Amino acid sequence: MNRPVTNSWVVWGDQQVFPGEAFSSLSVNAANVGASEVIGARLTSIQKGVDAGSWYVVAYGTAISYG
């Protein structure tokens, strides 16, 4: 049975060192705000200091809920 999407919004994970941890954080944050699933998840990087080689990765995507 198909359920209609009732809501969608962007959800972010926490800053992490490794991509796998970033996606896990995204999943946890999405579940905490009531998302049924996340679609279109992506990674972005954020520089964490003045050292050019120091970066965090953050996952984000579209969270959806069903009616």
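Q: This is a predicted model. Why does Ser-25 count as buried?
A: Its relative accessibility is 9%.

Q: Where is Ser-25, and which residues is Ser-25 in contact with, leaving aside its neighbours within four places in sequence?
A: Ser-25 belongs to helix H1, residues 19-32. Beyond those neighbours, Ser-25 is in contact with Gly-13, Asp-14 and Gln-16.

Q: What makes the aromatic pair of Trp-12 and Tyr-60 stacked?
A: The planes are 25° apart. The structure holds one aromatic pair.

Q: Which parts does this pair tie together?
A: Trp-12 lies in strand E1 and Tyr-60 in strand E3, so the link joins parts 48 residues apart in sequence.

Q: Why is Trp-12 called partly exposed?
A: Its relative accessible area is 44%. Partly exposed lies between buried, under 20%, and exposed, over 50%, so Trp-12 falls in that range. Tyr-60, at 22%, is partly exposed as well.

Q: What makes E1 and E2 edge strands?
A: The sheet is open, in the order E1-E3-E2, with antiparallel pairing. Strands E1 (5-12) and E2 (37-47) each have a single partner strand, so one side of each lacks a neighbour in the sheet.

Q: How do you know that E2 and E3 pair?
A: Nine bridges join them. Pairing needs at least two, so the two strands qualify. Ser-45 stands opposite Val-57 in E3.

Definitions and conventions: Residues are numbered from 1 along each chain as its sequence is written. This is a predicted model: local features need pLDDT of at least 70, side-chain atom pairs count only at pLDDT 80 or more; totals for chains, interfaces and linings use all residues. Side-chain values use heavy atoms; hydrogens and water are left out. Buried means under 20% relative accessible area, exposed over 50%, partly exposed in between (1.4 Å probe, protein chains only). Contact means heavy atoms within 4.5 Å. Rings of Phe, Tyr and Trp (its six-membered ring) pair if their centres lie within 6.5 Å; planes under 30 degrees apart count as stacked, over 60 as edge-to-face and the rest as tilted.
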